[in-house]
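Please work through the following exercises with the sequence and the structure at hand. Each task is followed by a solution in steps.

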Amino acid sequence: MRLALDIALSHLGGRRRQTLVSLLGVMLGVGFFLAVSALMRGSEADIIKRLVDSAPHITIRDEFRMVAAQPAELAYPSGAVAISSLKPRNEPRGIRQYRRHLASIDALADDVGGLQAAPILIGQAIFSFAGRNEAVTLSGVVPSRMMNVSAVEEDIIDGSLADLDADSNGIIIGLALAKKLSLERGENVTVVSPTGNIRAMKIVALFSTGNVSYDESQTFANLTRVQALLNRPNTANSIIVKLNDASQARDVAADVERTIGYKSVSWQEASKDLLDTLIVRNVIMYTVVGAILLVACFGIYNIISTVVLEKTRDIAILKSMGFHADDIRQIFVIEGAIIGVAGSLLGIAMGAAMTYALGQVEIQPPGSTEAINLPVYWGVDQFLLAASFAIGSAVMAAWLPARKGSRVEPVDILRGAV
Amino acid sequence: MSILRAEHITRRLTGEIDVTLVEDASVSIEQGEFVVIRGPSGSGKSSLLYLLGLLDQPTSGRLLLEGEDTSLFNEDQRADRRLRKLGFVFQFHFLLVEFSALENVMMPMRRLGALSASDQRKRAADILSRLDLADHMHKRPSQLSGGQRQRVAIARALANDPRIILADEPTGALDTKSSENVRDILRRLASEEGRSIIAVTHDLHFAEAADRQIEIVDGRIVSGGGAIN
């Protein structure tokens with residue numbers, strides 16, 4: 001092995017320029033692979049984290065996925081029953097008996113490794129202050145439950161969610177809305193519901209998510225207060241669930257839907273289009289970057305083929321000395337491996353530098369008030385993937401010319417040379 | 001017992017036109033014998049040498065190396081015997097240009113792996129010294145004269161202490177003085193060290209130094225093949 005390595009190094013050292021070009025090919029392939037992969041996977045992880053962290057893992061809505069079976073269908077399940085022009089019974093929207101359903105969901109906690117659920121009643125309202133009116137979304141929440149299932153508490157910059165319990169007439173608004181209406185914490189605003197109820201509410205806390213339109217339109221109040229304001233006592237129109245293991249959301253949502261009947265949407269289902277887009281994006285990325293490495297491998301194939309051609313006489317001499325075909329093949333495969341390993345190491349250094357540089361770039365996402373650094377992924381797996389792909393490809397690229405070299409018949413060369 | 005014995009060997013190349021390189025050749029080489037193979041150009045001298053040196057496989061006939069029939073050997077077995085029992089010297093030195101004279105001589109030893117690295121180095125240096133190359137062992141082939149390169153090639157052929165040295169026109173590319181030097185070295189290897197030398201040559205002066213001359217014409221041995229029963 002050591003002898004083969006020495007001969008391989010002597011071959012590569014004798015063709016420094018071509019070796020350098022091949023090394024650069026692998027280095028650039030690995031470097032760009034890592035930089036693009038770090039950026040793509042970083043942004044993907046960031047998007048998923050935002051989806052998982054900022055939105056509920058499961059949202060139970062006051063609607064059904066399937067139309068309820070009609071009494072005639074239930075009475076004659078195997079009969080030839082055709083029903084047309086049915087008008088569903090007129091009933092108020094909302095999850096009926098939401099407390100019972102909440103208890104059923106809470107009971108699943110042990111089976112799924114822990115979960116928290118919170119009921120919400122969402123409605124529209126008008127904010128009226130100093131002669132100005134603003135339409136807002138009013139969410140009625142149970143502070144003690146909401147704290148565990150949403151990021152609202154983390155976004156509050158002045159006050160806390162628990163202040164809604166301390167003052168049942170309290171309301172939490174976004175900093176952007178407060179600035180728009182020149183409001184401050186502790187001031188009172190008039191809230192008008194679509195049913196005509198009017199109530200003066202006290203601003204007990206301010207939040208800021210960085211998303212201007214959300215911060216200008218979203219407000220939170222105590223659930224019972226919102227139920228009263230909207231004339232919908234004992235009603236919630238959604239239950240949101242946070243799981244300790246977000247990856248189980250799809251299965252748990254199906255369980256919940258089977259148990260309580262209401263439509264339960266996991267974060268994966270809600271973001272299916274986005275997740276599918278991420279998969280397509282990954283396929284495109286790995287194809288393009290794989291093509292770069294493939295081109296680099298053609299360079300390796302080229303140099304090893306050239307060396308085999310140039311060293312045909314040496315191969316014949318080595319074989320006449322007693323070297324086996326395997327020894328010859330090993331020499332040229334080692335040459336490919338050396339280029340692959342050295343190119344990968346240089347490529348990893350280059351990729352790490354590019355990833356670091358990309359991670360320093362600041363961007364301001366649309367609708368956000370805060371600048372963030374480009375999210376990049378530093379996982380070891382992508383470094384291992386890039387290096388193993390490059391080294392594997394380099395060895396494969398060297399294998400064909402190496403095999404050709406090992407088949408050289410010394411007599412053919414010696415006879416021709418003499 | 002002959003150290004190397006070819007019995008009615010024939011080498012035929014098949015293709016659009018069949019070519020017979022060596023036909024029904026029988027040769028017996030004894031230990032310590034210096035034998036030259038002579039004949040006109042294209043008569044099959046080198047082809048016979050390659051067959052005797054296990055670089056090529058006869059189409060028919062038997063070849064016995066130290067009593068072992070090599071006719072049915074595969075490529076790896078022939079390579080193994082070349083490594084252990086045979087040494088080659090060619091018209092052109094065929095040294096590996098990226099390595100020093102010492103490293104070239106160590107090459108077969110390293111492949112065999114029978115000696116430690118330091119013993120390999122010591123043995124290679126000894127062989128080079130015996131061939132008056134002590135001052136040149138760290139030079140690369142490009143820094144040596146033609147005669148010196150050919151002596152390094154002889155040293156490499158001796159690396160694994162083979163009993164048989166096969167030389168294909170070893171003086172063909174050398175001046176008169178270097179030719180005489182190479183001839184004397186090969187002569188000494190036979191008479192003093194008991195190695196069998198088989199050399200192909202056109203050089204009459206070189207051939208006169210041999211114990212025996214094998215004459216080959218059109219692939220057939222016409223004289224000097226030795227006693228084959």
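This is a predicted model: local features need pLDDT of at least 70, side-chain atom pairs count only at pLDDT 80 or more; totals for chains, interfaces and linings use all residues.

Residues are numbered from 1 along each chain as its sequence is written, chains are lettered from A and ligands numbered from 1 in the order in which they are written, and side-chain values use heavy atoms, with hydrogens and water left out.

**Exercise 1. Describe the contact between chain A and chain B.**

Step 1. Contact means heavy atoms within 4.5 Å. Chain A contributes 25 residues and chain B contributes 27 residues.

Step 2. Buried area is the accessible area (1.4 Å probe) that two parts lose on being put together, summed over both. Between chain A and chain B this area is about 2,500 Å², and carbon and sulfur atoms give 61% of it.

Step 3. A salt bridge is a side-chain nitrogen of Lys or Arg within 4 Å of a carboxyl oxygen of Asp or Glu. There are 4 salt bridges between the chains; in one of them, B:Glu98 pairs with A:Lys311 at 2.3 Å, N to O.

Step 4. Helices (H or I, at least four residues) and strands (E, at least two) are DSSP runs, numbered from the N terminus. On the side of chain A that touches chain B, two or more residues each come from α1 (2-14), α14 (312-321), α15 (325-359) and α17 (410-417). The largest share, 7 residues, belongs to α14(A).

**Exercise 2. Determine how α14(A) is enclosed and what the buried residues of α2(B) pack against.**

Step 1. Buried means under 20% relative accessible area, exposed over 50%, and partly exposed in between (1.4 Å probe, protein chains only). In α14(A), 9 of the 10 residues are buried, so this helix is largely enclosed by the rest of the structure. Among them are A:Ile315, A:Ile317 and A:Leu318.

Step 2. Helix α2 of chain B (residues 75-85) has B:Arg78, B:Ala79, B:Arg81, B:Arg82 and B:Leu83 as buried residues. These pack against α14 of chain A, and also against β4 (60-65), β5 (68-69), β6 (86-89) and α3 (101-112) of chain B.

**Exercise 3. Locate B:Asn160 and identify its surroundings.**

Step 1. B:Asn160 sits in the loop between α5 (146-157) and β7 (164-168) of chain B. Its relative accessible area is 16%, and B:Asn160 is therefore buried.

Step 2. A polar atom of the B:Asn160 side chain lies 3.1 Å from the backbone oxygen of B:Leu83. Residues up to four places away in sequence aside, B:Asn160 touches B:Leu83, B:Arg84, B:Pro108, B:Met109, B:Leu112 and B:Arg123.

**Exercise 4. Which parts of each chain do the salt bridges A:Arg15 to A:Glu310 and B:Glu7 to B:Arg62 link?**

Step 1. In the pair A:Arg15 and A:Glu310, the closest N and O atoms are 2.4 Å apart. A:Arg15 lies in the loop between α1 and α2 (16-54) of chain A and A:Glu310 in helix α13 (residues 272-310), 295 residues apart. A:Arg15 is buried at 12% relative accessible area, whereas A:Glu310 is partly exposed at 47%.

Step 2. B:Glu7 and B:Arg62 form a salt bridge at 3.3 Å, N to O. B:Glu7 belongs to strand β1 (residues 4-13) and B:Arg62 to strand β4 of chain B, 55 residues apart. B:Glu7 is buried at 16%, and B:Arg62 is partly exposed at 37%.

Definitions and conventions: A polar contact is a pair of N or O atoms within 3.5 Å; within protein, one must be able to donate a hydrogen and the other to accept it, and residues adjacent in sequence count only if both atoms are side-chain atoms.
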